[in-house]
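Please open the model in your viewer and keep the sequence panel beside it. The tour below moves from one selection to the next.

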Amino acid sequence: MLKFDFVYLLEQIPKLVPYLDITFLVLILTLFFGTILGFILAAWKLGIRPILSKLAYAFTTAMRCTPSIVLLFLVYYGLPALASIFAFDLNDLSKLFFVVTAFSLSFGNVMSEIIRSSYLAVEKGQYEAAVSVGLTRFDAFRRIILPQAAVVALPNIINSILTLLKEGSLAYTIGLIDVMGKANLLIAMNYEAHALETLLALSFIYWSISIIIEKANELLEQRLSKGRTFVKTV
Amino acid sequence: MQTLDLHFMWEAFFIALSGAPITLLITVVALLISIPVGFFFSLIRLNGTPILDQLCRIYISFVRGTPLIIQIFLIYNVMPILLERFLRSTHSTLSVFDVNPIWYAFVVFSLYTIAILTEVFRSALKTVQKSQLEAAHSVGLSTCAAYRRIIIPQALVTALPNLCNATTNLIKNTSLCYALSLREITLRAKVAANPGYNYIEAYIDIFLVYLLICSLVEYGFKKYEKKLKAYQCLSA
Amino acid sequence: MLEVREIRKAFGNQEVLSGISFSIEKGDVAVILGPSGSGKTTLLRCLEFFEQADSGEVLFDDIDVDLRNVTKEQIKAIRQKTAFVFQNYNLFNNKTALENVLEGLVIGRKIPKKEAEAIAKEALDKVGLSDKYAYYPSQLSGGQQQRVGIARAIALSPEIIFFDEPTSALDPELIGEVLATMKKIAKEGTTMLVVTHEMSFAQDVANKIIFMDGGSIVEEGTPRQIFTEPKEERTRQFLKRMLPEYTYYI
């Protein structure tokens, strides 16, 4: 137990990497559903119906105070029970479903705040100008507001994706076998014998992905900061 | 299963709440350690001190680039080994198994929060213009006095919302202490739910307790921020 | 009182100051004129040690500083004798007007709080802000902020005050109040070294003009000499552009 086996660590990496597909599947599905939810919530918050906006803000407050793991279990236990009231049986559904649902809720909440603040960051005059030249409300949003707001939002979005990637590792707790789940299985199979090596291998995998995402973020920010001045002068 | 067991829920709420002191203890200890260390690290990062800056960067990159749960597992695996060696070398009669897991929690969450706060302080200090330091020098303040009286108070105002975020995140993250078998909010309620399989009720309780604590913390920060922001009350 | 010898300063390959020498006597109000980019501000910042000059010598009363190797004690000693008024005021954002003036007195000069408060209030009264003690910088206009900046400087009763383009960040209608304040303290005998583009101040208040261009001093003299019979062509060109209506000073 005391001896550290570097070769063993290296051997673990190829055993873990194939399970990244599940990790990324969770990530991509969550991004997709979370973004949709984010747009809906942001529209509610910015909209004129007080009930919907109160509801959306209450949701944000609740999510901000909920640990990911608690949310995950609430969904895992709560959703089937809720569905059974309406005579749906969700118990046989894949664990992936619950993981994606739980993380979509929290990611959607984060997205809604990002969308809202970047929308507000774009001057109101931009919308008025767009409408004044005959664009519809939807076109004004799609062609004028969205491109500008995206510039403001992108660094934050990438940051949130990074957080999502890391929080996603908790999916193992309900038994999803992604890269983290596989590492746990490997550790258990060896009766915890080489736990440290396996954990380090696992953290290097996560670390590498994070570094790649962060570098992409830096590049993007450089590109966009040029765009920013461009937007300003126009 | 169709309806919630309200009686259990009522009781389990207080069981969950009884774990709050441990959660808060970890939070406070981690903050007390990471605020000064994080500040020191942020100065290293801002000054670009050779070697130390690189080490800080790697450290921060690792902590921010890997899931906290893995960091917890790592510490849980490494610390006992190191401790055992230390105890053996000092011929102590203590065994590693006597060590309360809360010590591991202190270590993990301090290491984690230091990395977060270093970045918080770094960006906050960057918002205070260099000319404020020059002005302080011009009226005869030493660099140290300038930081203490001019720069830090201003940086604190911009850092506060992030500091609040870091604190609530820290509180939420202590829910991962189940991995250390530490009986805090989550684990207590979960254990209480085991016999009757009342997991939904238990997790609703846990949710409520975190909601309560985090809301209080946020409220406190908002109040403090308002007080600090006095000088910006009528921003030009 | 203050003598500067052969100050040189380069940013990378760009030489900004190429051997500046001049001296200032007690009670002088010296104005440095020159086109932008001529190194005026850099010179002032080197004298307050915000920038490290590459070489040269500063003699201040009995302090003799070789700019090639300056000690912390020397910087401290010179800063004790000088004060600085900034282009962007640089008031401490987290302090009220009164606290801004107090800061240097209490922390910098270690003057007891009570005494310092009397000095600070007197300084603020002098710049006409006796009703603004408790205002934060964000609550003051640019002109008022700069007057607090001047009060902060005079409260320290330094031997010389450096003014770095004190009015260039101000709206035109606020420039007057700051110039009037500067004129008032100049009349009280304060030694001043002023970088400015305000020709009226140079003509009416200064007793010495230093004209800089391209990192060196082109010529220096009394306002009368400089404004009526400048010797150098570059000075003439500059003045012609800056004050067409005063080409012939009477």
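Helices (H or I, at least four residues) and strands (E, at least two) are DSSP runs, numbered from the N terminus. This is a predicted model, in which local features need pLDDT of at least 70, side-chain atom pairs count only at pLDDT 80 or more, and totals for chains, interfaces and linings use all residues. Residues are numbered from 1 along each chain as its sequence is written, chains are lettered from A and ligands numbered from 1 in the order in which they are written, and side-chain values use heavy atoms, with hydrogens and water left out.

Select chain B, which has 9 helices and 0 strands, and whose C-alpha atoms fill a box of roughly 70 × 55 × 30 Å along the principal axes. Of its 236 residues, 52% are buried, where buried means under 20% relative accessible area, exposed over 50%, and partly exposed in between (1.4 Å probe, protein chains only).

Next, select Tyr197(B), in the loop between helix H8 (185–193) and helix H9 (199–228) of chain B. Tyr197(B) has a positive phi of about 55 degrees although it is not a glycine, and at 53% relative accessibility this residue counts as exposed.

Then move to chain C and select Asp61(C), which lies in the loop between strand S4 (55–60) and strand S5 (63–66). Asp61(C), also not a glycine, has a positive phi of about 50 degrees, and with a relative accessible area of 38% Asp61(C) is partly exposed.
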